[in-house]
Amino acid sequence: MIKVGLDVAKIREDFPILKRKVNGHNLVYLDNAATSQTPRQVIDVIVDYYQRLNANIHRGVHTLSQEATDAYEQARIKIQKHFNIAKNHEVILTSGTTHSINIVANGFTSLLQKGDELLVSAMEHHSNIVPWQMLCERTGAVLKVIPMNNEGDLVMGEYHKLLSHNTKLVFCNHVSNALGTINPIKEIIEAAHQKGAAVLIDGAQAAPHIKADLQSLDVDFYTISAHKVCGPTGIGMLYGKESWLNKLPPYQGGGEMIAEVTFEKTTYADLPHKFEAGTPNICGGITFGAALDYMNAIGFEEIAAYEHELLHYATSELLKIEGLKIYGTAKNKTSVISFNIEGIHPYDMGTILDKLGIAVRTGHHCAQPIMDFYKIPGTVRASFCFYNTQEEVDVLVTAVKRAKNMLL
Ligand SMILES: *Cc1c(COP(=O)(O)O)cnc(C)c1O
């Protein structure tokens, strides 16, 4: 039985979508690792923005423009405080994790040489693999893989062996979206720094569960997407140490990112604007700040403790089903369960669960190398948020049993 540390019934009242019916059943939303749902408090900020504040920022002298600019810059400071970032101009607002990683990968083009080495973990999301492969093609740098084991933990001994003075960059997720593994990023960062390599941590999957202290981690780059922390899509953060952000060239050219433009020569704006070309997602930025406020009001320790109990309960109930195998059994993991039942394709399982109102993700979860490692086409992934309940876990388990009987 789960000891409820959160008032989950009250929290659920904040999420209008959780009252929806899907295929005649109450929605059971267990695809939180793909995107989280949005509370009324955050939706209200979106409505308020368009009803009261809508204007372009950083340009106008008029009142609306100044108020919108203030709200946007306030949001930047909320994000800065949330992640304990030293300077607010180290917070670059992007369209999300994918955009953030591409800014860094593009920026390193002129800093790498043939034969330089980049280390990537075996359990990355495609967005933390492909931009680096493209960087290697441009520069002749070599990508090497930090292996993982059957439990879904990185083999740290191998990581330490791979590191050398040729290593220029290491990138790894804080939490794996496909397996839930919480990676030992402090150790990864420290060891890389000893060899003079920079580290980018993809925090997209960690952010809903863990409040990372970026100064104490001493990480060089950290990325997140607001839509996984109860915020909207199309907005996210690139954190970069000031010294690195000054070294990297801008990613896109346009308005907002310049100091002076002539046809002979253009000079770039200071941080953070150098990386924020064009009119940004103003409403998204403001709402991102509101989403962090919402989650902080609940409390990240409370969230983690409750989700841990949900994970524990769901794991033990699912494992009672014969033939069910869970992929990703690391000791340190967040509330993600990737599983298959012997003889059943994950897509068939997902389709039946959907008919019963249950939203799970099926497939390779944008992490195909992990599926290749386990020699499977994909998994069914149930990922839990703080608004999920023990009753919903029971609904899932009953439905998986029913689907199994139908499909085998
Ligand atoms: C969701 C996710 C991404 C991609 O985020 P986008 O919002 O699609 O840019 C990258 N890495 C991890 C670990 C994720 O969970």
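Tutor: Let us begin with a pair of helices: helix 3 passes helix 10 in a left-handed crossing. A crossing is left-handed if the near helix is turned anticlockwise from the far one by less than a right angle, and right-handed if clockwise. Helices (H or I, at least four residues) and strands (E, at least two) are DSSP runs, numbered from the N terminus.

Tutor: This is a predicted model, in which local features need pLDDT of at least 70, side-chain atom pairs count only at pLDDT 80 or more, and totals for chains, interfaces and linings use all residues. Residues are numbered from 1 along each chain as its sequence is written, and side-chain values use heavy atoms, with hydrogens and water left out.

Student: At what angle do the axes of helix 3 and helix 10 cross?

Tutor: Two packed helices are described by the angle between their axes and the distance between the axes. Axes are lines fitted to C-alpha atoms, for helices over the stretch in contact, and angles run from 0 to 180 degrees between N-to-C directions. Here the axes of helix 3 and helix 10 cross at roughly 40 degrees and come within 8 Å. Helix 3 is therefore oblique to helix 10; angles under 35 degrees count as roughly parallel, over 145 as roughly antiparallel, 65 to 115 as roughly perpendicular and the rest as oblique.

Student: Which residues of helix 3 meet helix 10?

Tutor: Contact means heavy atoms within 4.5 Å. In helix 3 they are Ala-68, Ala-71, Tyr-72, Ala-75, Lys-78, Ile-79 and His-82, and their partners in helix 10 include Ile-282, Phe-288 and Leu-292.

Student: How many residues of helix 4 are buried?

Tutor: Buried means under 20% relative accessible area, exposed over 50%, partly exposed in between (1.4 Å probe, protein chains only). Of the 11 residues of helix 4 (residues 97-107), 9 are buried, among them His-99, Ile-101 and Val-104. The cover over these buried residues includes strand 4, helix 5 (130-139) and strand 8 (198-202).

Student: Is Cys-230 buried or exposed?

Tutor: Cys-230 counts as buried because its relative accessibility is 1%. It lies in the loop between strand 9 (221-225) and strand 10 (236-240), and has a positive phi of about 70 degrees although it is not a glycine.

Student: Where is Pro-272 found?

Tutor: Pro-272 is in the loop between strand 12 (266-268) and helix 10 (282-298). A cis peptide bond, with omega about 0 degrees, joins Leu-271 and Pro-272.
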